[in-house]
Amino acid sequence: MSALGTSLLDELRAAAGDGGVSTDPADRDAVAHDLWPRALIRERAGERLPGPDAVVWPRTREQVARICAACPRAGVPFTAFGAGTGVCGAAMPVRGGVVIDLKRLDRILGWELESGWVRVEPGLLGSRLEDACRERGRTTGHHPSSLALSTVGGFVATRSAGQLSTRYGRIDDLVAGLEAVLPDGTEVSLRPEPSTGAGPDLRRLFLGSEGGFGVVVEVTLRLHPLPEHRVDHAAVFPGFAEGIAAVRELMQAGLRPSLLRLYDPADTALQAAELGVGEGSGALLLTSCEGRRRVAEAEAAELAAICAAHGAAVRDPAAVEAWYARRDDIGFAQARYLPLAGAVLDTIELAASWSRLAALHAAVRRRLGGRLIVLCHLSHGYPDGACLYFSFAGVAGEEAEAVPLHELLWEEVMAAAAETGASIAHHHGAGLARAPYMEAELGRGGLEVLRRLKAALDPAGVANPGKWGL
C-alpha cells in the first residue's frame with residue numbers, strides 16, 4: 001500500500017491523469033533502484049530495498065511542474081528517474097515518496113542544423129537520438145556503452161562521457177542549453193548559446209546535479225558532422241608507463257583521436273585474446289582518428305610516430321574494428337555474472353593529472369590486487385590528464401560476505417584516490433556510492449557551497465534527498 005495521503009495522490013492524478021500515476025507494487029519495484037552493484041547484491045541476498053510510494057509518468061513539462069510543486073507542499077520527496085542504468089545509486093528513492101519517471105518525455109522537439117543543434121526531451125534513449133542524427137548526416141559523438149539503455153536526461157544528470165569523448169567532448173561540452181523545473185515547480189529556461197560570458201553559466205548548475213536541484217525537461221545538444229573517414233591504429237608498448245607517456249605527448253601536441261584506450265598489462269592479456277593482437281604482453285593501445293580524410297590521415301600519422309618514439313610495436317588495426325564490434329558488451333556483463341551467489345563486480349572511474357596517473361594505478365593495484373581481479377584502461381584524454389577506468393571481479397566466501405567485500409573495494413579505491421590526489425569520479429556520477437567521500441573531494445568549503453545551493457533551490461529538501469553526503 002502507498003504511504004502517500006489521498007490529497008497528494010489526487011493532486012498527482014490531476015496533474016498526470018489517471019493513467020499517469022501508479023501505486024502498484026510492481027510499478028514501484030521497477031524504479032526502486034538503478035544498476036548500482038551494491039543494491040543488486042543486497043537484493044540478491046533477499047533484502048527488499050526501499051522504493052517509492054508512487055510512480056508518476058508525466059508527458060509534458062507543465063505536468064512535471066505541477067508534480068514538483070505538489071510534493072513540497074505535502075512534505076513528500078521526489079526522485080527523477082530515466083532508464084535506471086546508472087551505477088552509483090543516484091536514482092534510488094532512499095526516502096520513498098514519488099518517483100517521476102521521465103520515459104514518456106521522449107520526443108525530439110526540433111533541429112537547427114545550420115548551427116548544429118537538436119532539442120530533445122530527457123526521456124529520449126541515446127540510441128534513438130543517434131539514429132535520428134545519422135539520418136541527417138550528424139552525430140552527437142556521445143556513445144556510452146549503455147547508449148541503447150540510457151537517456152539524455154541521465155547523461156545530463158550524471159555528467160556522462162561517451163567512448164569517443166577525447167574528440168567530441170563529454171556531455172558538459174555538448175549541452176548548449178537546457179530547461180528545468182525547480183523543486184517548487186518554478187520553470188527555468190536557459191536558452192542555447194554557442195558561448196556566453198553573462199555571469200555564471202547556470203547550465204552547469206544542473207549538469208551532474210542528479211535531480212537534486214530539480215528536473216531537467218529539455219536539452220539542446222551540439223551536433224557534429226558524421227566523419228567522412230576513419231583511420232585506426234593499434235600498438236603495444238613495453239609497459240603501461242611507456243603508453244601513458246605516449247598518450248600524454250599526443251594529447252599535449254593537440255591531437256584528438258576519437259577512440260583512445262590504453263590497457264594495462266593485465267587488461268591487455270584479456271583484450272589480446274578477444275581482439276586477436278598477438279601474445280598479450282605489454283600495454284595495448286587502440287585509437288581512431290576521424291573527420292575529413294586528409295585531416296584524419298595526417299593526425300593518425302603523427303599519432304603513430306609519437307607511439308613509435310615511445311617504443312610501441314604496431315599491431316593489426318583490425319583489432320580496433322573488432323573492438324568497435326563489441327564496444328557495448330561491457331554494459332551487459334554485469335547482468336550476466338552478478339546474479340551468481342557471492343559474486344562481486346563493479347567498475348570505478350577515476351581521473352588524475354599526468355603527474356599522478358601512474359601512482360594512482362599502482363595504488364589501486366597495491367590495495368586490491370591480491371583480493372580481486374583488477375583490470376584497468378586509460379581513456380578520455382585531456383592535455384593535463386586522463387581517466388583510469390578500473391574493472392573489478394571476485395567472489396565472496398559466502399553470500400553474507402559479498403556486501404562487506406564490495407564496501408571494502410570502494411573504501412580501498414577511494415583511499416587510493418585520496419593518497420595520490422586523484423578525483424574520485426570521472427563520468428558515472430556521485431549518487432550513494434560516492435556520498436561518503438564528497439567532502440574530501442570538493443575541498444575546503446566545497447560541500448558547504450553545495451549545501452547552501454541545495455538549501456536555496458530546494459528549501460523543503462524534497463528533490464532526490466540523501467545524496468552527495470548532505
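Q: Where is glutamate 228 found?
A: This is a predicted model, where local features need pLDDT of at least 70, side-chain atom pairs count only at pLDDT 80 or more, and totals for chains, interfaces and linings use all residues. Residues are numbered from 1 along each chain as its sequence is written, and side-chain values use heavy atoms, with hydrogens and water left out. Glutamate 228 sits in the loop between strand E11 (224–225) and strand E12 (229–237). Strands (E, at least two residues) and helices (H or I, at least four) are DSSP runs, numbered from the N terminus.

Q: Why is glutamate 228 called exposed?
A: Exposed means over 50% relative accessible area, buried under 20%, partly exposed in between (1.4 Å probe, protein chains only). Glutamate 228 has 56%, so it is exposed.

Q: Which residues is glutamate 228 in contact with, leaving aside neighbours within four places in sequence?
A: They are Gly291, Arg292 and Arg293. Contact means heavy atoms within 4.5 Å. The backbone nitrogen of arginine 293 lies 2.9 Å from a polar atom of the glutamate 228 side chain.

Q: Why is arginine 434 called buried?
A: Its relative accessible area is 1%, and the limit is under 20%, so arginine 434 is buried. Its place is the loop between helix H16 (402–420) and helix H17 (438–442).

Q: What makes strands E17 and E18 a pair?
A: Two strands pair if DSSP finds at least two bridges between them. Eight bridges join E17 (residues 373–382) to E18 (residues 385–395), so they pair. These strands run antiparallel. Valine 374 has phenylalanine 392 in E18 as its bridge partner.

Methods:
Polar contact = N/O pair within 3.5 Å; in protein donor to acceptor, adjacent residues only side chain to side chain.
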